[in-house]
Amino acid sequence: MRSVVLAVLFGTALVLVSSPLNRPEVRVRTIIIDAGHGGKDPGAVSRKVKEKNITLAVALKLGKIIKQRMPEVKVIFTRSTDKFIPLEERSAIANRNQGNLFISIHCNSLPSKPSVTGTETYVLGMHKSQASLEVAKRENRSITFEEDYQEKYEGFDPNSEEAYIIFSLYQHEFLTQSIQLASLIEQQMKHKTQRRSRGVRQAGFLVLWRTQMPSVLTEIGFLTNPRDRAFLSSAKGQQKVAEAIFAAVKAYKAHEEAQ
Ligand SMILES: [Zn+2]
């Protein structure tokens, strides 16, 4: 009799121990997809190609893939139409919906060097090069389309180099995870879109400032480069970029949930 009870207890213990292995916990439940710019803010413009349209097209394609292939994951778009959304509202949407990942999609621009091509993915932090600072300045200028932006962003002047010193003191709580996702995006982007990866970088992007989850900003190519511009303007190119980001999300999710 006693041995039966022990066996039952032992059996229960085994089930308890093995259940996390059989059914991994879903840790990436909600993904926030942020299409850069929109409405009165076109973002970078090159030969009539507007960043806001490319980022929206890629964001919608990425969302569709996630919904189809990861039905357990909820997708939240900060915008799904050509609408202006303030930067602080984007992070507020992410926090309000308790996102587990925040992916901001943008296009690069370097009119003085049209030969420069490829992708770079950023996490929030202090820039280590003038080039990264210039990218953050350009992206942060979106706030100048907002009313009372100086009050809303505590006097932050996107054009002042000194303003970016605050990011040297700032350590994002989810920095390690953000870097991990950024690395996966760069790897997959190189693999699936066959373009140069310019690597993972850090800079002071306001849109990543207040998000309470692993957060990245990916620059999916240079609109000032003729080949990148043609690629990003095509539905096929946009789909490839979305597939690359999805592959990175999938690998990140599997890694997170295996622990
Ligand atoms: Zn942008």
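This is a predicted model: local features need pLDDT of at least 70, side-chain atom pairs count only at pLDDT 80 or more; totals for chains, interfaces and linings use all residues.
Reader: How do β1 and β5 pair?

Author: Strand β1, residues 30–35, and strand β5, residues 101–108, pair in the parallel sense over five bridges, and Ala35 stands opposite Ile105 in β5.

Reader: What is the order of the strands in the open sheet, and what makes β4 and β7 stand at the edges?

Author: The open sheet has six strands in the order β4-β1-β5-β8-β6-β7, with mixed pairing. Strands β4 (74–77) and β7 (197–203) each have a single partner strand, so one side of each is left without a neighbour in the sheet, and they stand at the edges. Neighbouring strands of this sheet are turned by 20 degrees against each other on average, direction ignored.

Reader: Which strands does helix α4 lie across, and which does helix α8 lie across?

Author: Helix α4, residues 130–140, lies across β5, β7 and β8, running at about 70 degrees to β7, while helix α8, residues 226–233, lies across β5 and β8, running at about 115 degrees to β8.

Reader: Why is Lys50 called partly exposed?

Author: A residue is buried if 20 or more other C-beta atoms lie within 10 Å of its own, and exposed if 12 or fewer do; Lys50 has 19 C-beta neighbours inside 10 Å, and therefore counts as partly exposed. Lys50 has its place in strand β3, residues 49–50, and, not counting residues up to four places away in sequence, Lys50 touches Pro42, Gly43 and Val45.

Reader: Which residues touch the most other members of the largest nonpolar core?

Author: Among the 57 residues in the largest nonpolar core, those are Val58, Leu101, Ile103, Phe205 and Ile245. Helix α9, residues 235–257, gives the largest share of this core, eight residues. Not counting residues up to four places away in sequence, Phe205 touches Tyr122, Leu124, Ala136, Glu139, Asn140 and Leu217.

Key: Residues are numbered from 1 along each chain as its sequence is written. A nonpolar core is a set of buried Ala, Val, Leu, Ile, Met, Phe, Trp, Tyr and Cys residues joined through C-beta atoms within 7 Å. Helices (H or I, at least four residues) and strands (E, at least two) are DSSP runs, numbered from the N terminus. Two residues are in contact if their C-beta atoms, placed from the backbone, lie within 7 Å. Two strands pair if DSSP finds at least two bridges between them. Axes are lines fitted to C-alpha atoms, for helices over the stretch in contact, and angles run from 0 to 180 degrees between N-to-C directions.
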